[in-house]
Amino acid sequence: MSDSNLFAQQESNRRRSAWLLAGFILLFAWVGFGGDWAFYLQTQGAPPEAYHHIIPWIGLLTSSFAAGLCWYSWRYGAGRVLWATGAWEIIEPADPAQQQLVNVVEEMAVASGLPRPRIWIVPDPDPNAFATGIDPQHASIAVTEGLLRSLNRDELQGVVAHEMAHVRNLDTRLMTLLAAMVGAIALMSDGMGRMLRGGAYVRGSSSGGGGRGGGDRKGNPLALIVLVAWLLSLVVAPILSQLLAMAVSRKREFLADATGAQFTRNPMALASALEKLDGATAPTTTITHGAAHLCIVDALGRPASERPGVVGDVFGSHPPIRERVIRLEGMAYQQAKLEGHPGVLTPPSLPA
Amino acid sequence: MPGIIFLVVLAVLALWVVGAYNRLIGLKNQVVNGWKQIDVQLKRRHDLIPNLVNTVKGAMDFEKSTLEAVIAARNKAVSATGVKATAQAEGELTQALGRFFALTEAYPQLKATGNVAQLQEELTSTENKIGFARQFYNDVATDYNTKQMQFPTNLVAGLAKASPAELWEIEDAGERAVPNVDLSMNKPPA
């Protein structure tokens, strides 16, 4: 693989992560200061003895909250994702299946030239896997119990290689930050909506005595526009952040498949693993909305992910498995053609 | 004015030399590190084999020659130095191990004892890691060799004391031996 391509991938993920953090803080700042502004415009015409919103404390609060959250997701995001899925870490492999998983992860660490990531098991019968972590030095790979049960050694290797590719390309950084932020934005939208309803109730009751205040508010169209834009962004932000998470993840999957195949030099193993994962129809229940885009196959079993064309492009977090398998088969064919016969580049393995 | 242009060109050139030099050194270190990774895995394999031989010795008493071949190949591999000699000795060890594991298939009671199955998984994994470490080493070594030969990086190759790294070729003694085919249709002398 060409080194410059790898550096370009890592660089673009670093840049995207930085933009994501900046955009996140900006969104929270807008929500806060926008609210302040609307509030300020509303209270501008109020009588001198009434409340004037001059200090933009909502904006200061939300901005510092967002900055704190960015720091938190950077520092603890991976841990929170793992915690949310109920995963436990393999310290000492307890049975042959776990030993094999540890061995396979070590093999892929060698193949990718990275330190060995921490290995976790998600107690879920549905086969799935994901990787998380802010950089390759602090990466984690998690697989479900169902995955360990249903795949053979080569297929497991293919899946782990795919996850190692995410780690190496720094996809895991972007994805982990996104996972934390999608959750936070949903939370903020909920919280702000509640505060707004509460605030309206308080204001409504306090200005109930005199109709004058109400008349002033109607007279200021700018306040109304700002208020509407502010409300709109509260509604749109969670949806937009979800779509962003899915769009980013969809693009990375093909690349991780290809890089993973470069590690194992055995694209067919990953193709066969993907088909097995596809065959398991049940959604992975322990993996919720926040982390679904991290997984190797869509954890929510969303029908949109399987739809080619515009619907899948906008609403699916993963490309259709059929398309991924076809691309992997193409790689296997290229490799076989290059070598004269298939299987020559697979590492020597003893009869198991 | 021409002086300024000259200085700018000089500065750009100097920056490029520094960048190219550092890239070469970075690759060189990766190659060295890649080789170390192979070494680690080879050592692990050499350590595992005596364990395996001791475990199965009793049960496979009459397959002594195969066991001895494995031990001999292992000892030869341990003492090998240099890329080429190591690659060849390790290739022979891989083959001896392959023959040994083919034989164990005939001893189901061996597989039934968890210890052998576990050792076999360990050895399989180590073999895989050797393969992947070799793959990684060859990839970075090829990258390194290409970079130091390509224009214009080759201009600073001497400065970085870069010399081509030796690739780990898969030396398969069995595949290299030319089979003796007699097409004369004469009966071989008895």
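The points below comment on a predicted model of two chains, A and B.

1. Basis of the model. Residues are numbered from 1 along each chain as its sequence is written, while chains are lettered from A and ligands numbered from 1 in the order in which they are written. Because the model is predicted, local features need a pLDDT of at least 70 and side-chain atom pairs count only at pLDDT 80 or more, whereas totals for chains, interfaces and linings use all residues.

2. Confidence. The pLDDT is the predictor's confidence in each residue, from 0 to 100. Chain A averages 78, and 78% of its residues score at least 70. Chain B has a mean of 80, with 85% of its residues at 70 or more. For the model, ipTM is 0.72 and pTM is 0.76.

3. Regions to read with caution. In chain A, pLDDT stays under 50 over residues 202-217, a stretch with seven contacts beyond four places in sequence; two residues are in contact if their C-beta atoms, placed from the backbone, lie within 7 Å. Residues 342-352 of chain A also stay under 50, and for them the model has 29 such contacts. In chain B, residues 174-179 stay under 50, with one contact beyond four places in sequence.

4. Architecture of chain B. Helices (H or I, at least four residues) and strands (E, at least two) are DSSP runs, numbered from the N terminus. Chain B contains seven helices and zero strands. Among its elements, helix 1 (residues 2-56) of chain B has the highest mean pLDDT (88), and helix 7 (residues 173-176) of chain B has the lowest (48). Of the contacts in chain B with a separation of 6 or more, 78% join residues 24 or more positions apart. Of the 190 residues of chain B, 28% count as buried; a residue is buried if 20 or more other C-beta atoms lie within 10 Å of its own, exposed if 12 or fewer, and partly exposed in between, with C-beta atoms placed from the backbone.

5. The sheet of chain A. Four strands of chain A form an open sheet in the order 1-2-4-3, with mixed pairing. Strand 1 (88-89) and strand 3 of chain A lie at the edges with a single partner strand each, so one side of each has no neighbour in the sheet. Two strands pair if DSSP finds at least two bridges between them. Strands 1 and 2 (residues 118-122) of chain A are antiparallel and share two bridges, and A:W88 stands opposite A:I121 in strand 2 of chain A.

6. Strand 3 of chain A and its partner. Four bridges join strand 3 of chain A to strand 4 (residues 140-144) of chain A, and the two run antiparallel. Here A:F130 stands opposite A:A142 in strand 4 of chain A. From strand 3 (residues 129-132) of chain A, A:A129 and A:A131 point one way and A:F130 and A:T132 the other way, yet all are buried.

7. Nonpolar cores. A nonpolar core is a set of buried Ala, Val, Leu, Ile, Met, Phe, Trp, Tyr and Cys residues joined through C-beta atoms within 7 Å. The largest such core has 98 residues, and those with the most contacts inside it include A:M108, A:A142 and A:L270. Helix 6 (residues 171-206) of chain A gives the most to this core, with twelve residues. A second, separate core has twelve residues, among them B:L93 and B:F100. Beyond four places in sequence, the residues touched by A:A142 include A:L82, A:W120 and A:F130.

8. Helix 5 of chain A. This helix (residues 153-168) has 16 residues and reaches 22 Å from its first C-alpha to its last, close to the 22 Å expected at 1.5 Å a residue; the expected span is 1.5 Å times one less than the number of residues. Of the 16 residues of helix 5 of chain A, 14 are buried. Just after this helix, A:L170 takes a positive phi of about 70°.

9. A buried loop residue. A:D298 is found in the loop between helix 9 (267-279) and helix 10 (310-315) of chain A. A:D298 counts as buried because 29 other C-beta atoms lie within 10 Å.

10. The interface. In all, 23 residues of chain B are in contact with 17 residues of chain A. On the side of chain B that touches chain A, helix 5 of chain B provides the largest share, 16 residues.
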